[in-house]
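Visitor: Could you walk me through this one? I'm new to this.

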2 protein chains.
Amino acid sequence: MEKQVSQSVINRLPRYYRYLGELLSNGIERISSKDLSEKMNVTASQIRQDLNCFGGFGQQGYGYNVEYLYNEIAAILGLNSHYKAILIGAGNMGQALIQNTNFEKRGFSLIGVFDNDPQKIGKEIKGIKISDITDVEQFIKDNHPTMAIISTPRTVVNQIVHKLKDCGVRAFLNFSYAEIANSENVVVENIHLSDSLMRLCYKISAKNAETTKKD
Amino acid sequence: MEKQVSQSVINRLPRYYRYLGELLSNGIERISSKDLSEKMNVTASQIRQDLNCFGGFGQQGYGYNVEYLYNEIAAILGLNSHYKAILIGAGNMGQALIQNTNFEKRGFSLIGVFDNDPQKIGKEIKGIKISDITDVEQFIKDNHPTMAIISTPRTVVNQIVHKLKDCGVRAFLNFSYAEIANSENVVVENIHLSDSLMRLCYKISAKNAETTKKD
DNA sequence: GCATTTTTGTCAAGGTTTTAACAGGCGTAA
DNA sequence: TTACGCCTGTTAAAACCTTGACAAAAATGC
C-alpha cells in the first residue's frame, strides 16, 4: 500500500534541492524546517510535510543534516540515474539546456544530437557530433536512449515524436510551441517559453490595474 | 468587490490561448467546452469554470466563438500591451526566447540587449545592437523598460537584479540558476530548466518503479 | 544530570481547487 | 413555429492541499 505523492510536492523538491546544494557548497551542515521555509517562501509545516512523504530525514531538536537531505532528495528524484538522452534540433534552446543545467548531474547523459540543417550537421555540441535527422531511427535502435529533447519547429514535432515513440523513446522534454501530451507509457515535461511570457504579462497587467485602482 | 482569480487558472489560460490560435488558423469558428477539454486534457467543467472567472464568453447550445474567445483571453492576459523589455546576457537562452516565442505578440518589445563579453558587444540580435552591461543604468533612465530578461551566470544575478530594481524595472523573466523572489512592487517569472530536468527524471524513475513492481 | 529549548513527525482543521450535476437559454431541423 | 437536443453558467459536493497545533525526542545550557 503506497501513499500517493502529489505533483505539488514533486514540483517543490527541485527548489529545495537547489538551495540545499548552495548551503552545502557554503559549508553549512544543518538547517531547520523553519530556516529552510523562510528561504523558500513556504511554511515550515509544508517543508516537513513534503519531506515526510518520503520518510523522516530530520531529528528533533537538531533539524536536517544538509548533506544527508541533499542526497536523499537526489535519490527521490532519481538524479543518480544516467538515462541516455538525445537532442533533436541543435538550435539555441537545446544548446542552452545542455550547457547551462548541470545536465549530467540531473540524471541524464547526452549521447546524440540530430538536425536537418546541412550547415549544422558534422559540427559538435559538448563533444557530440551533430548527425543527420534521417539517421535517428537507426541510432535509437543501436543505442536505446530513454529521453529525447525536442527543440524543433512546431510543424515537424508530431511526426518526429510519433517516430521516436515507435522506436521506444519513453520520455520527452519539449521546448517546441506544440504540446506533447502525456500518454500511456510516455512521460513528458513541456517547457513553453511563450506561456511564461504570457503569465508574466498578466502579472504586470494585473499589478498595474491594482495600483491604478482607487477605493 | 473583486473575486480573486487563482494562479492555477492563470497558468492554464496560455495553453487555451495557444490552442485557440491553432483552431483559428485552421479556420474553425466554434468550439464547445467539451471538445476543448478533450484537447486540453482537462474536464469540460474546468474549462467553463476557468472562463467564467472573467465573464460569460459562451452561449448555450452553441459553445464558444473561437475568434472572440481568443481575443478575450488575449485581453485578460494583457497581450495587447507593449511593455518594453531588455535582455541581460546575450547567450543561447536569451536568443532562443527572443527568436522563438512570438515575443512581440506576447505583450513585449525588445529595446535593448546587454552583455559583458567584448566579443559580443556591438553585434546584433533581432536588429538590436548588443551594448556593454556597464551602460545599462543610463539606458534604463533614458528608456524606462518595464521588464528585464535575466540570462546571466548565477554569480552576478543578485547584483544585477538589485541594480535594475533600483532603476525602476518592475518585472523579471529569470532563466538563471539563481531564484529571484517575488517581492513588493516586483513580479517575477522563473524558468528553471534544471528543475524541469529533475521533474522529468522523477517521472521516469517513478514510472520504472511502477512497472517493475509486481503485486 | 536535570531543566529548558529546539525542532521534528503527525493529526486534524481549514482552505482551495476540481468535479459533478442541472436548470435554463439557444440553435437546429422538421 | 414548435419540439428537441446541445451546451453554457452556476451551484454544491468531493477531492485535494496547506496550515496550525502539539506530543515526544534530541540537543543545549546550567
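Predicted model: local features only at pLDDT ≥ 70, side-chain atom pairs only at ≥ 80, totals over all residues.

Visitor: How many residues does the contact take from chain A and from chain B?
Guide: Each chain puts residues into the contact, so to speak, by the rule above. The count is 45 residues from chain A and 45 residues from chain B.

Visitor: Which element gives the most to the side of chain A that touches chain B?
Guide: Helices (H or I, at least four residues) and strands (E, at least two) are DSSP runs, numbered from the N terminus. Those giving two or more residues to that side of chain A include helix H1 (7-25), helix H5 (92-100) and helix H8 (193-212) of chain A. The top giver, with 14 residues, is H8(A).

Visitor: By what turn can chain A be laid on chain B?
Guide: Copies are superposed by least squares on the C-alpha atoms of residues with pLDDT of at least 70 in both. Chain A lands on chain B with an RMSD of 0.1 Å and a shift of 0.0 Å along the axis. That is how a two-fold axis relates copies, and the turn is 180°.

Visitor: In chain A, which residue has the C-alpha nearest the axis?
Guide: Its C-alpha is 2.4 Å from the axis. The residue is A:Asn92.

Visitor: Why do the copies meet through the same surface?
Guide: Look at which residues of chain A sit in the interface, then check for them in chain B. The copies share that surface because the part of chain A's interface residues that are also interface residues in chain B is 100%.

Visitor: At what angle do H1(A) and helix H8 (residues 193-212) of chain B cross?
Guide: Axes are lines fitted to C-alpha atoms, for helices over the stretch in contact, and angles run from 0 to 180 degrees between N-to-C directions. Here the two axes come within 9 Å. Among the residues that meet are A:Tyr17 in H1(A) and B:Tyr202 in H8(B). The crossing angle is roughly 125°.

Key:
Residues numbered from 1 in each chain as written. Chains lettered and ligands numbered in written order. Contact = placed C-beta atoms within 7 Å.
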